[in-house]
Amino acid sequence: MRDIRNYSLLEHNTFGIDAMCGRFLEYASVDEAVEVAGMISSSPFLIVGGGSNLLLTGDYPGTVVTPAPMADVSAGVCLDSKNLTLRCWAGLVFDDVVNYCVDKGLYGLENLSLIPGQVGASAVQNIGAYGAEVKDVICSVEAVEIATGKVVTIPAEECRYAYRQSRFKTEWRNRFLITFVTYRLSTSFTPHVDYGNIRAELDARGIATPTARQLRDVIIDIRNAKLPDPKVEGNAGSFFMNPIVSREQFENIRRDYPSMPFYEVRNVLGECTAYKIPAGWMIDQCGWKGKTIGPAGVHSRQALVLVNKGGATGSDIVRLMKAVQHDVCERFGISLQPEVNIV
Ligand code: FAD
Ligand code: EPU
């Protein structure tokens, strides 16, 4: 177990904020997670994965806990070839698992290619992109309950997954240290290419029926063209969630903005019950795209992403966040909620 006092979190957050924590603990096994749970249960702690959805507004005096990273994916996964499930160590880089699966002919994760962060956080965040959400392939989550040290296996059905939501983010916040996530995969590949410009990109490459590798490559290229690389410009992906609004609110806004993009939100019966409006479009409409306040900026190719233009503090980013929220609320009557965890 790594146990370090007064440790810099610079390498543990993609916003590139240089903050310190009082203590840094890294667990490399279930036994170590149980031990760590005992060490932190009565003092302030923060669980961090890759820190790619985290904004630090100052030093964190308590203990930061993280699962140990693992460079060799094959050492951190275990395939049950009868049930086609893959049990993955929480500290693995999620995209390394996607790549591994595509290599091995295990399908279902390819549309989630290149989402930063770790396996453990994928189950907290219910990560999603290009028409897919990880909840649709999660079977179960293994974890250690911090208060008791008990090792538990939680079936996905109990995690109350919804758009960027789970019980781990709400009533179970800070209750568990996740150790493993098991995904259910398939050996037959069905390409999902109807979202955004995937089809157009495939057409441009003369690909009618893509392989999983080709689909992954196209999604990686689309993402790289649109989203800033955190190593170049610190960011945490979409800063806000896309708001889900009622039909009435949607129609009110649409009257003034007939070309507004939107997604229908459907219930289990397939009925449209609400509408999701892209927050990036609203921020763009407010004229914020490419604008800055000091060292904090709105990305020039995707207005939903706030960036560290160099040397920004968490407070600089929060100032920009509030200015953007204010203008969107004035113009559309919608209060944007951050997707990013602000600590
Ligand atoms: P962190 O940010 O470190 O933590 C996220 C949450 O999970 C926190 O609440 C933390 O306490 C909890 N947590 C982490 N590990 C554990 C654990 N082992 N046990 C218990 N709790 C834990 N997200 C998307 O959904 N779709 C995208 O397309 C997308 N694109 C992005 C693009 C960029 C360039 C960036 C920087 C981010 C993007 N994100 C996207 C956001 C981010 O990648 C996800 O939220 C990701 O799941 C965060 O993983 P992480 O390991 O960095 O978690
Ligand atoms: N748009 C604009 N201007 C902008 C940005 C977007 O007009 O500056 C418009 C686009 O033209 C498009 C619509 O808004 O019509 C949606 O844009 P995009 O396809 O880029 O997706 P998004 O809704 O902004 C979401 C996720 C991303 C995910 C992509 C692709 C959220 C909060 N964000 O973004 O996830 O990668 O879809 O599926 O749901 C993340 O969560 O960190 C993240 C990056």
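Across the interface of domain 1 and domain 2 in this predicted model, zero salt bridges are found, a salt bridge being a side-chain nitrogen of Lys or Arg within 4 Å of a carboxyl oxygen of Asp or Glu. Between domain 1 and domain 2 there is one residue pair in polar contact, with both residues at pLDDT 80 or more. A polar contact is a pair of N or O atoms within 3.5 Å; within protein, one must be able to donate a hydrogen and the other to accept it, and residues adjacent in sequence count only if both atoms are side-chain atoms.

On the side of domain 1 that touches domain 2, α1 (30–40), β3 (45–47) and β5 (60–67) each supply at least two residues. The most come from α1, with six residues. Helices (H or I, at least four residues) and strands (E, at least two) are DSSP runs, numbered from the N terminus. The residues of this side are twelve nonpolar, seven polar and no charged; Ala, Val, Leu, Ile, Met, Phe, Trp, Tyr, Cys and Pro count as nonpolar, Asp, Glu, Lys and Arg as charged, and the others, Gly among them, as polar.

Domain 1 and domain 2 bury about 1400 Å² between them, 72% of it on carbon and sulfur atoms. Buried area is the accessible area (1.4 Å probe) that two parts lose on being put together, summed over both. In domain 1, Tyr27, Val30 and Pro67 lose the most area to domain 2, together 30% of what that side buries.

Residues are numbered from 1 along each chain as its sequence is written, and chains are lettered from A. Local features need pLDDT of at least 70, side-chain atom pairs count only at pLDDT 80 or more, totals for interfaces use all residues, and side-chain values use heavy atoms, without hydrogens and water.
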